[in-house]
There are 2 protein chains.
Amino acid sequence: MSSGFFASHRETLEKALRAIEERGYWSCYSEMPSGKIYGETANDDGKAAVEARYNTYFDIDQPGTVGKVGSEASPFGTKLGITYPKIDPNVLLPAMVKASEAWGRASIDERAGVCMEILSRLNKRSFEIAYAVHQTTGQPFMMAFQAGGPHAQDRGLEAVAYAYAEMKRVPATASWVKPQGKNPPLSMVKTYHIVPRGVGLVIGCCTFPTWNGYPGFFASLITGNAVLSKPHGGAILPVALTVAIARDVLREAGFDPNVVCLAAEDVGGTLAPELALRPEVAIIDFTGSNANGTWLETHAHQARVYTEKAGVNCIVIDSAQDFKSAARNIAFSLCLYTGQMCTTPQNIFVPRDGINVEGGKLSFDDVAKAICDGVAKMVSDPARAVEVLGAIQNEGVAERVARARGTGEILLDSKKLEHPQYPGARVMTPLVVKLDAKKDAETYKQEWFGPVTFIIATDSTAESLKIATGLASERGAITFSVYSTDDKVLAAAEEAAIAGGVALSCNLLGGVFVNQSAAFSDYHATGANPAANSCLCDSDFVAGRFRVVQSRKHAA
Amino acid sequence: MSSGFFASHRETLEKALRAIEERGYWSCYSEMPSGKIYGETANDDGKAAVEARYNTYFDIDQPGTVGKVGSEASPFGTKLGITYPKIDPNVLLPAMVKASEAWGRASIDERAGVCMEILSRLNKRSFEIAYAVHQTTGQPFMMAFQAGGPHAQDRGLEAVAYAYAEMKRVPATASWVKPQGKNPPLSMVKTYHIVPRGVGLVIGCCTFPTWNGYPGFFASLITGNAVLSKPHGGAILPVALTVAIARDVLREAGFDPNVVCLAAEDVGGTLAPELALRPEVAIIDFTGSNANGTWLETHAHQARVYTEKAGVNCIVIDSAQDFKSAARNIAFSLCLYTGQMCTTPQNIFVPRDGINVEGGKLSFDDVAKAICDGVAKMVSDPARAVEVLGAIQNEGVAERVARARGTGEILLDSKKLEHPQYPGARVMTPLVVKLDAKKDAETYKQEWFGPVTFIIATDSTAESLKIATGLASERGAITFSVYSTDDKVLAAAEEAAIAGGVALSCNLLGGVFVNQSAAFSDYHATGANPAANSCLCDSDFVAGRFRVVQSRKHAA
């Protein structure tokens, strides 16, 4: 059965393996939420499936269940009322270890087949996942579909491909024949076993439960580890659906479904640090705050820890041919999911003397106004705005915006919007504040996760680049964007990006946005600054999830 | 100049790249200490070069030198009296960071060329390195030559090959063209930079300063990092020679030689923990005790830490066709460098009812006697014995042997031998003690690094395997050896090895010994038990030593 899965997905895997070598454009799963691709009733079916979960218990037949837990609150005000198994780690983890024995011994191809079948089923249920992501995270629906569905699946497949390639690089056997001059050679036969580490714990965030979770989930799974998914208390449903699908596939392939389990908890629960120190847990993938990520890095010594934390992303504006288009592009990046992305720019550095544009100059205020106007236009019609903004995931974000209003001159105030469909939704527009590079450093050096943008006056582009590099190195950054028509400035920006260990986007216009990161092509985070200790996906993200145990004997 | 280095070593690199794919027999550097290979005067020249260092200052023109340091004491009683630069880390480390800028920007091929030229020069000076290893570690000369010279160089080249392959897997550029239905595609050009992490600190041990040090040294170096070698205070000279050669090559290739520096100290110094927490240090390679290795793993949070610590290696004897040969093989493993290898077996488990051999049975005592006789024979002639035993590296080992004499019934006592060449040499023969699996667990569960062997009576081979697996999992192990004529037992041993995360050798006879690990074929340590958190060499050993920073812009 499970070798059947491999055969049916082999061609896809081969394409993925080629894609990670070339890192050009490739995507396995269609990002179009279209009935032609996903089935004419897929949208309605997905919506109905999620709604049918409301006010019910999401049963997962895993051992060690000691009650019900769950308190997700939709940012749109939808009453969810879903509960999930409450776990007893003392029962669940040993059961997972036991379940993973056969899984760890399965062939690489068998495990690849199972992983790819899980991804394929997740893809077929993209609408259901999308509604689950939409309702729990507050993402606008289109984004919930794309980032929560096919793009997350692509990232999962990317991790599968990297891990598959690394495991396959270890030969299964070798013949070692060492010449001994005139004597017969020494001749040994060697066998190399790929051995998993233990249980992989995947600690999710409340904004991108699948996109940020799938790489670690699939990287640990394909390398033979059991996987315990610990979603954020605010976004359990997309992860629970993923776990349920994975368990179905495992069962069908003849494996113990407890290879994949769910660790649900209420918002504010302490399961993450508790599970992270368990001896069974050998791998941890974490997405979340700096404080929690750093705690894991410095305390979970028994595990290999991969973190994606937070940072302070910057845009440096030096000059532009067509600043109108640039401002539009930037405005969209600020509005998208109301700035609740680890890739959203926060600090926009502009020389206080203004910038050169085609046919003249723009003052600092002109530049700031163009960006603010872009944002204002984008959110002017609530019905269209909510399809970009989505909703504010939690009250903490809203409180941060309130505090940010006091940091400087407000260029564009944040306001509440009424959601046409969801009267109780927590919808806000971005706040834009003017700051000074020298006087206000303490303000803009902090991360203000959410719809808070600072437009910061600097003495020069050189100063802008210097501050941006320093921020990336000291506070971390996942994205860095520069606008310039000057090749020297672009070269200096490239140097700054290398020094700050942050991915650079130059002169983005049109349909490519700095906060978007394409699987199979864009490396997401670098591991080279404090925003993350790893990268989605590279060899380092997968190579430590398995070990090689060899045996040798004299050749017959 | 530096591209010339690459061209002249390209073919060798290609062979090494093939070797790590196949992991059959391959060696780049000849292990024969022969004048035909290394030059007719190489032996004398090497000896003279080392002797010329005695009672002199080993000058390295690195910045931040604040005096002289060094108190190596030869286990053979030779008066060394060599001093080395004493470092001020506050001056040296910033200079290394500065030096590494151009190094980090050099092409992968340029860096590969420099690394391979260093290896090639180390090879040419194998006799000199051998005498340095011999006099500081106490290794017998043949071993000092092979393990300290060509075998260490092979391990260094293996690391170069793994890192080279991983870096080359990242494409330098990509063209990302995403279709947009009827609209023109989105078209981006992407550049991927390989970026080093910082300074790689290599903390060496006093028994294998080059063999254990070169993999981390070269893995960090080729990935663009600066390398600070911190040898054990007892074995500085081989590392100082290595550093000096590396600096010569760097200089010739047009790089700042401070990319590679030496951090020498007296025996018992505290440079290792001091340097390990420096912010400049981003990578640490460590070989040494469990206590120090675990301290690094749990404290040096700013660095990626690779450790090879210690463990309790076991032999399980179940049955044998020709136990005489087996006993001879085991005896050699116990005698080699007087058991001062991280791969030396300590615990030999034998069923108390004896074992089956061709044509009959051997009692427990017969088995123990055969091993003891093998050892006794091997050390009976002091002149030949010292060429296998070498000398005891430090007094701590000798004290441990004294303590071990009180742990049980002595089957073969350790005795002092007079070295024919070096009257003051610290030469001892192995101690063999009989223990009981149940009663004496607390004794044999400890690591007794040095010439201490326990032959332990168990109820059955099943019990032997169970104890050995448990020991590997709990205390760590690097080698595991089994003798059996029963395929079921061998299969069970393979399972035990996988469970314990330890490399298995089956029925070793003749010229292959459990404590020997061949570069390009045998993975040394696994990272899957407490003896080490990494492996020489696999992808995981190299993939985290560099990062990828990308930039993207619209295609023209």
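Modeller: Let us begin with a pair of helices (DSSP runs of H or I with at least four residues, numbered from the N terminus; strands are runs of E with at least two). The axes of helix 5 (residues 108-124) of chain A and helix 9 (residues 214-222) of chain A come within 9 Å of each other and cross at roughly 155 degrees. This is a predicted model, in which local features need pLDDT of at least 70 and side-chain atom pairs count only at pLDDT 80 or more, while totals for chains, interfaces and linings use all residues. Residues are numbered from 1 along each chain as its sequence is written, and chains are lettered from A and ligands numbered from 1 in the order in which they are written.

Biologist: Why are helix 5 of chain A and helix 9 of chain A called roughly antiparallel?

Modeller: The axes are lines fitted to C-alpha atoms, for helices over the stretch in contact, and angles run from 0 to 180 degrees between N-to-C directions. Angles under 35 degrees count as roughly parallel, over 145 as roughly antiparallel, 65 to 115 as roughly perpendicular, and the rest as oblique. The angle of roughly 155 degrees is over 145, and helix 5 and helix 9 of chain A are therefore roughly antiparallel.

Biologist: Which residues of helix 5 of chain A meet helix 9 of chain A?

Modeller: Two residues are in contact if their C-beta atoms, placed from the backbone, lie within 7 Å. On that basis Arg111(A), Ala112(A) and Cys115(A) of helix 5 meet Phe218(A), Leu221(A) and Ile222(A) of helix 9. The contact comprises five nonpolar residues, no polar ones and one charged one. (Ala, Val, Leu, Ile, Met, Phe, Trp, Tyr, Cys and Pro count as nonpolar, Asp, Glu, Lys and Arg as charged, and the others, Gly among them, as polar.)

Biologist: At what angle do helix 7 of chain B and helix 8 of chain B pack?

Modeller: Helix 7 (residues 141-148) and helix 8 (residues 150-168) of chain B pack at about 15 degrees, with axes 3 Å apart. That value makes helix 7 of chain B roughly parallel to helix 8 of chain B. Gln146(B), Ala147(B) and Gly148(B) of helix 7 meet Pro150(B), His151(B) and Ala152(B) of helix 8. By class, this contact has three nonpolar, three polar and no charged residues.

Biologist: How is chain A divided into domains?

Modeller: Domain 1 of chain A covers 2-309 + 547-554, and domain 2 covers 314-506; such bounds come from an automatic or database domain assignment. The C-alpha centres of these two domains of chain A lie 34 Å apart. Their contact takes 15 residues from domain 1 and 19 residues from domain 2. On the side of domain 1 there are six nonpolar, seven polar and two charged residues.

Biologist: What relates the two chains to each other?

Modeller: Chain B is superposed on chain A by a rotation of 180 degrees with 0.0 Å of shift along its axis, at an RMSD of 0.0 Å. The two copies are thus related as by a two-fold rotation axis. (The superposition is by least squares on the C-alpha atoms of residues with pLDDT of at least 70 in both copies.) Among the residues of chain B, Asp540(B) comes closest to the axis, at 3.2 Å for its C-alpha. The same surface serves both copies, as 100% of the contact residues of chain B recur in chain A.

Biologist: How many residues does each chain give to the contact?

Modeller: There are 54 residues from chain B and 54 residues from chain A. The elements of chain B that give two or more residues include strand 4 (183-196), helix 12 (290-299) and strand 22 (546-554). Strand 22 of chain B supplies the largest share, eight residues. The side of chain B divides into 23 nonpolar, 17 polar and 14 charged residues.

Biologist: Where is a cis peptide bond found in chain A?

Modeller: A cis bond joins Leu536(A) and Cys537(A), with omega about -20 degrees. Cys537(A) sits in the loop between strand 21 (503-506) and helix 20 (539-543) of chain A. In chain B, the bond from Leu536(B) to Cys537(B) is cis, with omega near -15 degrees.
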